[in-house]
Amino acid sequence: MFFFLTCQIFQKKIVYLQRQMCNFDYYTIHSMKRNNSKQRPRRFSPDHIEVYKIDEPCQLLPFLLEKLNPKSRTEIKSYLQHGNVMHNGQVTTQFDEQLQHNDELVINFTRPFATLKSRMARVIYEDDYIVVIEKKSGLLTVSTGTNKREKTAQQIVDDYVYAEDGHSHAYVCHRLDQYTSGILIFAKNAEVQQMFRDSWTTYVVERLYMAIVEGCPAKQEGEVKSYLAENKAMKVYSTDNPEEGKLSVTRYKVVKTLGDYSMVDIQLLTGRKNQIRVHMSDLGCPIAGDKKYGAQSNPCGRLMLHNYALQFFHPITRENLRFELPLPSVFKL
């Protein structure tokens, strides 16, 4: 009798475990499908693309009507309306856009070209390996984890490059603070991202910033050198102890002073978190709008720091690339 009861209990445990395993497999597999759905390449029909060189100045629509004959006017205008036409590397929808000698016109007859649609970012360079964008003040580079619904530069670029071919993604190569505007590099694959991260100081030749600071440094130009560390409140500070922080070097030059503010041209020789903000504060001239590091004013409703130039060697092509942005209008002193 005891043996019979033991067998029944054992059989019930086996059935229970089998059910649990079935449930585990079902939910695990379907969870994996949901999580990996974006990683599977989308299937696109082969693109039919034609490239035209412009011989003499003309307007876009008349040129297309002549070159694409016998296609109907309605069909040609549809290519323009839906973003299938690219003029000198930029998608255009303007029928009367002026074409100049040696301009390049590219038409994709299969599907519209992917475009980065955001008022907070724009593409300034792209090839098969990297995308370089201009980031506006207020846009996070990557998610902080506190608000995952907030749109980031990485998400915007990721959507853009994924729409191009159905398998590429955006990989962060470096960061800018949320309220710092300027130039960001994204890799299209993890290998290029790792090349940048492993040898950032080798590839990057120059990083220039313009800042509006409170007051004026005692010296019109100079160099700030310290070891930067971060406390538990996530605030970066300078120290003389090399075991406490990482060596950080910032060069600066006062461009102009007007009233309570100065415009300062800054060159980063190292790239630590909040480096410029801390070093300007160390000089007694915090960046306007930077309450975290001692600023008493916020005249333009943003951190007055702008990365206006970035020069680097392309990790794959070895080309020397330099990009420069105009100063935001609010930086005029």
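## A salt bridge across the sequence

Lysine 273 and glutamate 230 form a salt bridge, with their closest N and O atoms 2.8 Å apart. Because lysine 273 lies in the loop between β15 and α7 and glutamate 230 in strand β12, the pair ties together parts that are 43 residues apart in sequence. Here a salt bridge means a side-chain nitrogen of Lys or Arg within 4 Å of a carboxyl oxygen of Asp or Glu. Helices (H or I, at least four residues) and strands (E, at least two) are DSSP runs, numbered from the N terminus.

This is a predicted model, in which local features need pLDDT of at least 70, side-chain atom pairs count only at pLDDT 80 or more, and totals for chains, interfaces and linings use all residues. Residues are numbered from 1 along each chain as its sequence is written, and side-chain values use heavy atoms, with hydrogens and water left out.

The structure holds twelve salt bridges. Arg122, Glu134 and Lys136 are linked in a network of them. Within it, the side chains of lysine 136 and glutamate 134 meet at 3.4 Å, N to O. Glutamate 134 is buried, at 10% relative accessibility, while lysine 136 is partly exposed, at 33%. (Buried means under 20% relative accessible area, exposed over 50%, and partly exposed in between, with a 1.4 Å probe and protein chains only.)

## The largest pocket

Lysine 273 turns up again here: along with Arg175, Gly271, Arg272 and Asn274, it lies nearest the centre of the largest pocket, which is lined by 46 residues. The elements that give two or more residues to this lining include β12 (221-230), β15 (261-268) and α7 (275-282). The largest share, five residues, comes from β11.

About 1600 Å³ of space lies in this pocket. A pocket is an open set of points on a 1 Å grid over the protein atoms alone, where a 1.4 Å probe fits and protein lies on both sides within 12 Å along at least five of seven lines; lining residues have an atom within 4 Å of a point. Grid points are joined across faces, edges and corners, and a volume is the space filled by probe spheres set on the points.

## An open sheet

Four strands form an open antiparallel sheet in the order β7-β8-β10-β9. Two strands pair if DSSP finds at least two bridges between them. β7 and β9 stand at the edges with a single partner strand each, so one side of each is left without a neighbour in the sheet. Tyrosine 171 stands opposite alanine 187 in β10.
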